[in-house]
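Hi,

Here is the structure I promised to pass on. Have a look at it first, and my notes on what turned up follow below.

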Amino acid sequence: MKFTKSIITGGAGFIGSNLTDTLVKNGHKVIVLDNFVSGKKSNLSHHKKSNVKVFKIDISKSKSLDKYFKGADYIFHLAGLAEIIPSIKDPKKYFINNVLGSLNVLEAAKKTKIKKLIYAASSSCYGNPKKLPISENDEIDLQHPYAVTKFMGEELIMRYANLFKMPNISFRFFNVYGPRFNNSGQYSAVIGNFLSQRRNKKPLTIVGDGKQTRDFIHVDDLTSAFLKVIKSKYVNKIYNLGSGKKTSINTIAKIFGGKKKFIPIRPGEPKNSLANISKIKKDINWKPKVSIKVGIKKLLKD
Ligand SMILES: NC(=O)c1ccc[n+]([C@@H]2O[C@H](COP(=O)([O-])OP(=O)(O)OC[C@H]3O[C@@H](n4cnc5c(N)ncnc54)[C@H](O)[C@@H]3O)[C@@H](O)[C@H]2O)c1
């Protein structure tokens, strides 16, 4: 029987490893390409080797992507450096990883007859939005090198879709959370920070007055959108991928419970963010199911 072969770049990371789980459950054989700069082998250690093969590859350096991509049905391009402040400190590193890396992936993908390539873009391309909720056609406002490099990756994905008739899709993720959330770094996102602070019995650090809002999407809802989009007829499209609901940082802190500490605001972060998700809902008949309360309570139990 012919099985479905899927490649995940960055598959050892938070989102990539959750996507690996979903794809394997749905009968895919997965090849993970990762340089382990932030991903972990342990994120994938529960899988059988017959279902998931892991290769240590740096997509920004490797010229040998072709041999892994050969015969692939789907490519999920998630590899990237994903933090704002480090991107301001070392923009060149971010450019090489996120832009050159994406170009290498596209060049290799172009040579094989894939059914779809999905790119992990970022809602950071909207900067400080003038109105909410944000639609895909709203103004692009790139505030820091991370946002620039993720957006340049998306531009390449869409140009290649036009020029070479590649079946590409770009998902602009909003704030994704869930199991294996990367909370090791100094700059990890709010839910990751709260999780490690709670574990270490430290107060929750709230940036600014905590009234700023974000659109948090549970990783299970995100991976279900991936499954639906690969089966849909749509190609060459950009979709917002969020919950469509806004939650303040104070509300998140309240769900976690415990002591709080307020810290100064950080550069490059918007006051509010909220996705308009009507395009993806309509095109692929998807909707988010996990509420923020249920999602966090589940995380706290794990
Ligand atoms: N988590 C979010 O809320 C969010 C929001 C918007 C966009 N994204 C994007 O989604 C993707 C996955 O994010 P994540 O939260 O799972 O982060 P993550 O850091 O857990 O995962 C990124 C993975 O890519 C790997 N990687 C980085 N550079 C690489 C390279 N040059 N070659 C091979 N592998 C490389 C890392 O080792 C890691 O496993 C990233 O591209 C990120 O920009 C994430």
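One definition before the notes: a crossing is left-handed if the near helix is turned anticlockwise from the far one by less than a right angle, and right-handed if clockwise. Helices (H or I, at least four residues) and strands (E, at least two) are DSSP runs, numbered from the N terminus.

The model is a predicted one, so local features need pLDDT of at least 70 and side-chain atom pairs count only at pLDDT 80 or more, while totals for chains, interfaces and linings use all residues. Residue numbers start from 1 along each chain as its sequence is written.

**Helix pairs**

Two packed helices are described by the angle between their axes and the distance between the axes. Axes here are lines fitted to C-alpha atoms, for helices over the stretch in contact, and angles run from 0 to 180 degrees between N-to-C directions.

Take helix H4 (residues 91-110) and H5 (145-163) to start with. Their axes come within 9 Å and cross at roughly 15°. H4 and H5 are therefore roughly parallel to each other (angles under 35 degrees count as roughly parallel, over 145 as roughly antiparallel, 65 to 115 as roughly perpendicular and the rest as oblique). The crossing of H4 and H5 is right-handed. Residues on the H4 side include Tyr94, Phe95, Val99 and Leu103, and among those they meet in H5 are Tyr146, Met152, Leu156 and Ile157; contact means that the C-beta atoms of two residues, placed from the backbone, lie within 7 Å. By class, the H4 contact with H5 has 12 nonpolar, 4 polar and 2 charged residues. For these classes, Ala, Val, Leu, Ile, Met, Phe, Trp, Tyr, Cys and Pro count as nonpolar, Asp, Glu, Lys and Arg as charged, and the others, Gly among them, as polar.

Then there is helix H6 (residues 190-199) with helix H8 (residues 249-256), packed at about 30° with axes 11 Å apart. That angle makes H6 roughly parallel to H8, and H6 passes H8 in a right-handed crossing. On H6 the contact uses Val190, Ile191, Phe194 and Arg198, and on H8 it uses Ile249, Ile252, Ala253 and Phe256. The contact of H6 with H8 divides into 7 nonpolar, no polar and 1 charged residues.

**Around the ligand**

The ligand is surrounded by 31 residues, and the closest are Gly10, Gly13, Ile15, Gly39 and Gly80 (a residue is near a molecule or strand if its C-beta atom, placed from the backbone, lies within 6 Å of it). Helix H1 (14-25), H4, S5 and strand S7 (175-177) each supply at least two residues of this shell, with H1 giving the most, 3 residues. The shell has 14 nonpolar, 14 polar and 3 charged residues.

**Loops**

The peptide bond from Leu132 to Pro133 is cis, with omega near -10°. Pro133 sits in the loop between strand S5 (116-122) and helix H5. Ile140 is also placed in the loop between S5 and H5, and Ile140 is exposed, with 12 other C-beta atoms within 10 Å (buried means 20 or more, exposed 12 or fewer, and partly exposed in between, with C-beta atoms placed from the backbone).

Lys201 has a positive phi of about 55° although it is not a glycine. Lys201 lies in the loop between H6 and strand S8 (204-207) and counts as exposed, with 8 C-beta neighbours inside 10 Å.
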